[in-house]
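I open this notebook to record what I looked up in one structure.

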Amino acid sequence: MFEFEQYLGFLAFLTILTIGFWLMIFLMTFVIPYWIFGSSIERFKEIQAERKAKREGTTLNQ
């Protein structure tokens, strides 16, 4: 049915396919949401700091 080299090639293919599948699942469920959530929090902090600086700047000028 299979020669030994074909069997090893098939196992290598299945291994690479499985590693790619689990890597994709890991990226979609953990890394990408972590990245989006973290960048959203950082942007929110920047907006708050800009508003605070703007408020303090206008109160000093008045």
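**Aromatic rings and one glycine**

I located Phe26 and Phe30 in helix α1, where they lie 4 residues apart, about one turn of the helix. I take helices as DSSP runs (H or I, at least four residues; strands are E, at least two), numbered from the N terminus. The model is predicted: local features need pLDDT of at least 70, side-chain atom pairs count only at pLDDT 80 or more, and totals for chains, interfaces and linings use all residues. Residues are numbered from 1 along each chain as its sequence is written, and side-chain values use heavy atoms, with hydrogens and water left out.

I then searched the whole structure for aromatic pairs and found 3. Phe21 and Trp22 form an edge-to-face pair, 5.1 Å centre to centre with 75° between the planes. Rings of Phe, Tyr and Trp (its six-membered ring) pair if their centres lie within 6.5 Å; planes under 30 degrees apart count as stacked, over 60 as edge-to-face and the rest as tilted. The ring centres of Phe26 and Phe30 are 5.6 Å apart and their planes are at 25°, so I recorded this pair as stacked. Ring pairs link Phe26, Phe30 and Tyr34 into a cluster.

I next looked up accessibility (buried: under 20% relative accessible area; exposed: over 50%; partly exposed: in between; 1.4 Å probe, protein chains only). Trp22 is exposed at 54%, whereas Phe21 is partly exposed at 42%. Phe26 is partly exposed at 44%, and Phe30 is partly exposed at 47%.

Finally, I examined Gly38, which lies in helix α1 (residues 4-61). Gly38 is partly exposed at 30%. Its C-alpha atom is separated by 29 Å from that of Thr18, 20 residues apart along the chain.
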